[in-house]
Amino acid sequence: MPLIAVHVASLGLLWSGVTWQSVVCCIALYWIRMFGTTAAYHRYFSHRTFHTSRWFQFVLAFLAESSAQKGVLWWAAHHRHHHRYSDTEHDIHSPRQRGFWYAHIAWIYDGLDETNFDAVRDLARFPELRWLNRHWLVPPTVLAVATWLLFGWPGLFVGFFLSTTILWHGTFTINSLSHVIGKRRFETTDDSRNHWLLALITMGEGWHNNHHHYMLSTRQGFRWWEIDMTYYILKAMSWVGLVWDLREPPAAMLVDDPQVGAPVEEPIIAVPEAAP
């Protein structure tokens, strides 16, 4: 019901009207929260491809959950499951197995409310993350109230609800379209593909075949022309000490004509040292 309600609430703009401030808010919150989804939910909590401090880990978790895609532990557990069984009958959102619409959005309704804490033991040891995971509606609720207080009803309906709806579908294209359209540089065991347009709207996640071939890399655009905005921002953050130890793919994967072979035998996550 919350997912349907957010879509319907976006139509509130027909009543509230649209202001330039609400449009700017909508655009800004799409990109800020897309970064939270890609950098936090995916590259940090799901794959642990870089290190950060405990306090900034919490900031990343709060930012990610402001996108209303459930708790960080829930998200990471399901994503690790996806990589373990990608495009097999056990994959919870495979277009190969269940079709486009199921992979895009219908899988959310498939009784997946519980968090598999066994899959995220490295994260579940932090009580603040367990609290956020349990109360995952707190960050998006705080953000929704803030948009209303700052920009009125247009801020709420356009800035929050419309941007959330667009953000969800932008994110979901990686489940549905990134296993259907695009090019395959590496012969992985699944259908993952690279597509430049999907990479642009998801800040680098569209280089999906690269990611499935070597999932421990913070960087997903393996060529200079493969734009990966999430990586660029994380790189800038590393210059000021907010994050560090950004993992790179092996050098052989970065040349123009690497040897294409089976997926690299690596674990799904790289477990860093405990955040101080």
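Over which residues does pLDDT stay under 50? That stretch is residues 258–265, pLDDT being the predictor's confidence in each residue, from 0 to 100. This is a predicted model, where local features need pLDDT of at least 70, side-chain atom pairs count only at pLDDT 80 or more, and totals for chains, interfaces and linings use all residues. Residues are numbered from 1 along each chain as its sequence is written, and side-chain values use heavy atoms, leaving out hydrogens and water.

**Confidence**
- The protein chain has a mean pLDDT of 89, with 91% of its residues at 70 or more.
- Among the elements, helix H13 (residues 229–239) has the highest mean pLDDT (98), and helix H6 (residues 95–98) the lowest (80).
- For residues 258–265, the model has 18 contacts beyond four places in sequence (contact means heavy atoms within 4.5 Å).

**Helices H3 and H5**
- Helices here are DSSP runs of H or I with at least four residues, numbered from the N terminus.
- The axes of H3 (residues 20–46) and H5 (residues 72–84) come within 9 Å and cross at roughly 65°.
- H3 and H5 are therefore roughly perpendicular (65 to 115 degrees).
- Where they meet, H3 brings residues including Tyr41 and Phe45, while H5 brings Trp75 and Arg80, among them.

**A look at Trp55**
- Trp55 sits in helix H4 (residues 54–65).
- Trp55 has a relative accessible area of 55% and is exposed (over 50%, with a 1.4 Å probe and protein chains only).
- Asn209 is 154 residues from Trp55 along the chain, and their C-alpha atoms are separated by 32 Å.

Notes
Axes fitted to C-alpha atoms, helices over the stretch in contact; angles between N-to-C directions. Helix = DSSP H or I, 4+ residues; strand = E, 2+ residues; numbered from the N terminus. Parallel < 35°, antiparallel > 145°, perpendicular 65-115°, else oblique. Buried < 20%, exposed > 50% of the residue type's maximum accessible area, 1.4 Å probe, protein only.
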